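Work through the exercises below with the sequence and the model at hand, and try each task before reading its solution.

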Amino acid sequence: MTNPTTVATTGAKSEEETAQLAPKENAALPPRQHLLDLDDLSVAEITDLLDSAEGMLEIAGRDNRKTPALRGKTIITMFFENSTRTRVSFEQAGKILGADVINVTASASSVSKGESLLNTVKTLQAMQIDALVVRHPHSGAPYFISNHTDASVVNAGDGTHAHPTQSLLDLFTVRSHVGELAGKKIAIVGDVLYSRVARSNIIAFQKMGAEVTVSCPNTLIPDEWQLGSTLGEETGFGGLKLARNVDEAVDSADVVMALRIQQERQEAGHLPSLREYSERWGINSQRMALANDDALLMHPGPMNEGVEISSEVAHGAQSVVEEQVRNGVAVRMAVLYTLCAPGKSSRLADSDEAQS
Amino acid sequence: MAARKLAITGGRVIDPAQGIDRVADVLISNGKIVEVTENSSVTGYADYEVIDASGKIVAPGFVDLHTHLRDPGQEWKETIVTGTQAAAYGGFTTICAMPNTDPVQDSAAVVEDVMRRAAADGVVRVLPIGAISVGQHGKQLAPMGELADAGVIGFSDDGNPIADANLMRQALKYSVELGLPIINHAEDKKIGAGGVMSAGLVATRLGLAGVPAEAETAMVARDLQLADLTKARLHIPHISTIGSLVALRSAKECGVNVTAEVTPHHLTLNDEWVFGLKGEIPAQVGSEAYDTNTKVNPPLRSRSDVEAVIEALSEGLIDIIATDHAPHAATDKVCTYNEAAHGINVLETAFASVFALVDAGKISVGRLIESLTAGPAAILGRDLGSLKKGFSADVTIIDPGSQWLVIPEEFASKSVNTPLRGVELTGRVVTTIYQGETVFDLQSGAIGTFSEGVKAGAGQ
């Protein structure tokens with residue numbers, strides 16, 4: 001029913017292809033309404049967002065950092081999962097830009113009273129909000145929401161699918177240290193099966209021309225993937241290398257990214273113990289020594305120090321973990337500004353209609 | 001009305017039970033088949049009401065071994081009235097009602113209630129299936145003897161696999177005396193581990209937890225072993241994996257008393273449909289992805305599984321097609337993929353969707369009709385699914401060239417949960433005759449028993 005030749009993927013492109021595609025894709029794209037994942041962003045769009053975040057970082061570092069850029073705009077953060085840092089990051093980003101930010105948490109909202117997600121979204125839609133920042137335990141929930149609201153939807157993490165603003169801030173952080181991302185070697189160590197950060201970062205870094213290698217226990221990759229192989233284009237993660245062991249992944253890497261390992265993985269039988277995980281996949285100074293001398297150490301947080309990352313390296317000279325958090329605010333400012341910029345309101349269309 | 005004399009003339013009569021595939025006339029009187037006779041001129045049937053079926057296919061009324069009527073208990077999704085109307089629209093004159101109602105059909109009282117109301121309000125024949133275990137909880141056998149006496153045609157805890165191998169063993173053994181099949185939804189839930197679609201590339205890209213094909217295959221293999229041990233009749237519902245087919249072939253070769261069904265959706269749709277683009281693979285995941293109307297159990301499988309079940313149906317390894325018609329309300333489907341209920345609304349698209357495989361040369365039209373008529377009738381062991389003299393005059397007339405667009409709001413079913421919305425299908429049931437009465441006629445739309453509860457514009 002589908003012609004195999006129509007199969008397209010988001011794998012790493014050569015620099016040449018990227019250079020050819022970028023302006024063309026950009027020109028063809030309508031103004032962006034939602035940020036659901038990075039797979040539908042062109043290299044040019046990503047670059048624009050990162051460039052914009054440079055300016056935002058400067059604003060966020062000012063003594064008086066309140067700007068009127070999004071004054072009169074309403075942004076709602078709706079978190080169906082606990083997350084202090086991402087929610088606060090978005091809230092700060094919106095407030096620095098002058099928007100009104102309202103935080104809704106699932107336990108405080110009518111969702112816990114059995115109201116459906118659809119009705120919650122329709123209620124917020126009726127209040128004519130500008131942007132909805134959503135974190136949800138179900139993959140695809142922001143896509144569903146985007147079909148039922150005129151507001152811009154920002155995916156702040158959906159199930160095991162995607163976490164695009166985390167990837168943008170990771171790209172931004174690496175770019176600020178190494179400049180050009182193309183050709184850089186990125187090692188991601190952690191739970192690829194369940195981690196939306198891993199998935200979005202694989203897509204993001206490969207899209208920018210970096211080489212990504214992951215390492216994790218065989219129980220934490222999809223069954224159709226094999227350790228020691230390179231994924232084909234049909235997987236949607238074409239070019240991704242699956243290392244046989246952590247040393248192979250970290251070897252001469254420019255960036256080493258450790259991901260949080262959840263206690264639940266042990267309980268579900270994916271791991272014998274966190275201790276064994278720490279011994280075989282934990283990032284410590286010995287393993288960092290295999291990477292390039294000036295390699296960056298990253299972690300999306302919150303860290304389990306002593307499990308996936310040793311305290312020594314987590315707070316060592318190569319760690320950029322705190323920079324990631326700081327950059328997160330700037331990147332989210334860039335995202336919110338891009339999506340909610342003056343003149344993009346759905347209310348504008350309504351008032352135009354009313355006049356005509 | 002019962003004395004109606006009807007001549008269906010000039011159609012291509014396909015009755016696999018009798019080996020008939022030729023242009024002929026079908027004569028009906030008093031609700032029974034009189035004969036299939038050489039095509040004569042219309043004037044030859046002066047006493048008869050004539051339906052001109054030239055250019056059409058005339059088949060025995062379809063028999064569906066696997067229908068969810070949702071009644072009693074979930075009447076907002078479907079009722080005996082709307083479910084049997086949907087059956088008539090789809091060309092089905094006999095449907096077997098799965099017992100996962102509320103209350104569960106695990107006692108004669110509930111089964112008799114369904115049968116009584118189906119006889120009074122139903123548009124086509126409803127045969128009930130009884131539960132294997134009390135409440136479908138998989139703990140204790142339901143009163144299978146009492147259920148058999150009440151008229152069930154088999155036993156199933158559909159949707160709930162019998163996880164306990166000993167309970168499955170005992171159910172099979174107990175059923176031998178009753179002569180009725182055990183129909184076990186084969187899925188090892190532990191292997192599936194909370195998956196919501198088929199494991200594979202698509203699930204990985206969408207970040208949805210995947211159920212491996214082996215979750216089905218493992219339990220099919222177990223059930224076949226237990227059927228061999230007990231010499232009971234096993235019927236495998238909605239078989240969908242290559243591994244299950246390998247096990248089925250081996251068991252059949254060893255003489256295990258087993259039959260298997262496949263659904264229209266497992267024959268025609270694969271897991272790529274979850275992207276929401278009717279089987280196209282997108283360059284990027286878009287807002288149409290996570291199409292909850294593709295969520296079904298067993299999940300839509302890989303391309304190779306789909307090719308394998310088509311071939312197995314064509315050669316007869318898979319005995320029949322059954323719909324697993326599973327209507328759900330909007331609230332069950334307008335939600336996230338994880339929250340969505342399993343199930344597809346199938347009755348009204350069943351024939352046409354599979355007829356595409358005939359057009360593609362993958363299965364013969366004779367085999368397709370056999371798998372909807374003589375095949376299921378043989379499993380039921382009843383005088384159905386054929387145009388033999390004296391059989392109930394259940395006839396389905398199909399226009400093989402008719403092209404139509406699937407608009408679920410036009411369904412007779414109460415629910416609209418199909419991923420085929422907006423898809424153009426070829427081949428359409430135009431008339432359904434049940435016990436000599438026309439219970440569905442596309443041209444005139446709602447008729448007779450349809451007056452109540454039919455949606456505006458249905459069948460237009």
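**Exercise 1: a helix and its sheet**

Task: find which strands of chain B helix α7 (residues 214–230) lies across.

Solution: In this predicted model, helix α7 of chain B lies across β13 and β14 of chain B and runs at about 165° to β13(B). Here helices (H or I, at least four residues) and strands (E, at least two) are DSSP runs numbered from the N terminus, and the angle, on a scale from 0 to 180 degrees, is taken between N-to-C directions of axes fitted to C-alpha atoms, for helices over the stretch in contact. Next, β13 (residues 234–236) and β14 (residues 258–262) of chain B pair in the parallel sense over 3 bridges, where pairing requires at least two DSSP bridges. Within β14(B), B:V258 is the bridge partner of B:L234. Finally, both strands belong to an open sheet of 5 strands with parallel pairing, in the order β9-β10-β13-β14-β15 (chain B). Because β9 (155–156) and β15 (320–321) of chain B each have a single partner strand, they stand at the edges, and one side of each is left without a neighbour in the sheet.

**Exercise 2: where the chains touch**

Task: state how many residues each chain brings to the contact.

Solution: Chain A brings 32 residues and chain B 26 residues, contact meaning that C-beta atoms, placed from the backbone, lie within 7 Å. On the side of chain A that touches chain B, α4 (117–126), α5 (141–146) and α7 (196–207) of chain A are the elements giving two or more residues, and α5(A) gives the most, with 4 residues.

Residues are numbered from 1 along each chain as its sequence is written, and chains are lettered from A in the order in which they are written.

Key. Predicted model: local features only at pLDDT ≥ 70, side-chain atom pairs only at ≥ 80, totals over all residues. Contact = placed C-beta atoms within 7 Å.
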